[in-house]
Amino acid sequence: LPRSFQKTIDIVQPSGLPCTLAALAALAAAAMSGHSSHSSLLGLGEVAKELFCFLPIHDLFPLFCASGACCGLCRLSLSTLRLQAFGSGASEALLWLVKLPLTDRGASIREINASFCHLTSATLQQLPQLPALERLNLDGCQDVDDEGLAAIATRCRSLKSFSIYWNVKVTDEGLGKVLRAQPCGRLQELCFSGCKFLSDETLQRIIGRAPHLQLLDLTRCPKVSDLGATLVCENLPELQIFRLYAMAQLNPSAFAQLQRLPLLKELDLCGCRSEDDHVIAFLAQAETGVLQTFNLTWCCALTDATMLAIAKYCTRLKWLSFFGNLNVTAAAVEALAASSCGSSLRYLDLRGLAAAFPYGDGTRGAGEVRNLFPQLISTELHH
């Protein structure tokens, strides 16, 4: 390394970090400090930024004092907090991190990922204001209830993405407070998968506060009705990902307005009672080549008509599952293979298609499917 990097290396190496990381810190320091003769080399400044952001949090602190540039990179890295590395101490770690000058006492934190960490409502109530927070992931944090969401609503008012998968305590009341606290039109992604007390009331709130929403996950939300699903389709035209996995309570008519969502890249109807007419109308109105992932697992009412429509309209589909369908025949599967969609598919699950022998056969089906679609990466998508 150039002589100008040696001081940084001398500071970093005693911390016990690997020499390669010490060298990275040195290169970052030079690149970020304006040593143009070196920073242009392979774009090291940008590379260092990316790598620092993926370092475990506890590895950042030995680098903090290495140089002004390393300090800056540490601050940048701590704008995204991934708490999984702290295990059972995630709550204590979060409350410690939001008090540090390196995070401007929470003011510069842009993302908190607490997925499957032991965060509680009491922890959220102790947080300071987080004015820059854009992404909050509370997946699997089952001790968070409406009181915790009320705390989020008063502290996090700039969210673009909010995920609270597999929570069986929060209700429309708490979710509504979070939604109302956000500037109208700012929210882009909402995952409420497994929130069993969420109802149409929350969907009405989403329509009012998040008209530009791009991702909505309503997997296993049993209180959502046909009206709620219809409201989403009629009022959120910019949706790109819509998941209705295991929403068997919805009647076939609930899917009549799917055609109002022409920009969908992913549509998950696994276990839904959707019928040919509504699915075909959606495909006919979709933007050409946009849909890439289509989950029709256990959609038992669908027939060859839907598969033939997919062959006709879906020119760039990558992922498709008809797992468990008893109506689709071998002729439709072969028509799919002969279409442009057949060439684009990389993931296709036809297991259980009893009427599509041999392609749905449990013992020889996978080989026959691969012979028909040789470009496939996987033929088992549903587990």
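This note goes through local features of a predicted model, in numbered points.

1. Helix 11 and helix 12. Helix 11 covers residues 200-209 and helix 12 covers residues 226-235. On the side of helix 11, the residues in the contact are D200, L203, Q204 and I207. They meet L227, G228, A229, L231, V232 and N235 in helix 12. By class, this contact has six nonpolar residues, three polar and one charged.

2. A210. This residue sits in the loop between helix 11 and strand 6 (215-217). A210 has a relative accessible area of 0% and is buried. Setting aside residues up to four places away in sequence, A210 touches L187 and L236. C184 is 26 residues from A210 along the chain, yet the two C-alpha atoms are separated by 6.1 Å.

3. S274. Here the loop is the one between strand 8 (266-268) and helix 13 (276-285). S274 is also buried, with a relative accessible area of 0%. Its contacts, leaving aside neighbours within four places in sequence, are F255, L269, V279, C299, A301 and L302. For one of these, F255, the separation from S274 is 19 residues in sequence and 6.5 Å in space, C-alpha to C-alpha.

4. Helix 9. How many of the 10 residues of helix 9 are buried? Seven are, so helix 9 (residues 146-155) is largely enclosed by the rest of the structure. The buried residues are D146, G148, L149, A151, I152, A153 and R155. Their packing partners are helix 8, strand 3, strand 4 and helix 10.

5. Largest pocket. The largest pocket has a volume of about 160 Å³. It is lined by 14 residues, and those closest to its centre are R135, N137, S161, S163 and E189. Strand 2, strand 3 (135-137), strand 4 and strand 5 (189-191) each contribute at least two residues to the lining. The lining of this pocket is made up of six nonpolar, four polar and four charged residues.

6. Rolling a probe the size of a water molecule over the atoms shows where empty space is left. In this model the count is two cavities of 30 Å³ or more. The largest cavity holds about 50 Å³ of space. Its lining consists of F282, L283, A286, E287, T288, G289, V290, L291, Y313 and C314. Those residues divide into seven nonpolar, two polar and one charged.

7. Second largest cavity. This cavity holds about 40 Å³ of space. Which residues line the second largest cavity? They are L94, I112, L119, L124, L127, L136, L138, I152 and C156. The lining has nine nonpolar residues, with no polar and no charged ones.

8. Backbone points to check. Two residues other than glycine have a positive phi, as set out here. F116 has a phi of about 55° and is found in the loop between strand 2 (111-113) and helix 8 (121-125). For W166, phi is near 60°, and the residue is placed in the loop between strand 4 (161-163) and helix 10 (172-181). W166 is partly exposed, with a relative accessible area of 42%.

9. Cis peptide bond. F357 and P358 are joined by a cis peptide bond, with omega about 10°. P358 belongs to the loop between strand 11 (347-349) and helix 17 (365-372).

Note on methods:
Residues are numbered from 1 along each chain as its sequence is written. This is a predicted model: local features need pLDDT of at least 70, side-chain atom pairs count only at pLDDT 80 or more; totals for chains, interfaces and linings use all residues. Side-chain values use heavy atoms; hydrogens and water are left out. Axes are lines fitted to C-alpha atoms, for helices over the stretch in contact, and angles run from 0 to 180 degrees between N-to-C directions. Helices (H or I, at least four residues) and strands (E, at least two) are DSSP runs, numbered from the N terminus. Contact means heavy atoms within 4.5 Å. Ala, Val, Leu, Ile, Met, Phe, Trp, Tyr, Cys and Pro count as nonpolar, Asp, Glu, Lys and Arg as charged, and the others, Gly among them, as polar. On a 1 Å grid over the protein atoms alone, a cavity is a set of points where a 1.4 Å probe fits but cannot get out, and a pocket is an open set with protein on both sides within 12 Å along at least five of seven lines; lining residues have an atom within 4 Å of a point. Grid points are joined across faces, edges and corners, and a volume is the space filled by probe spheres set on the points. Buried means under 20% relative accessible area, exposed over 50%, partly exposed in between (1.4 Å probe, protein chains only).
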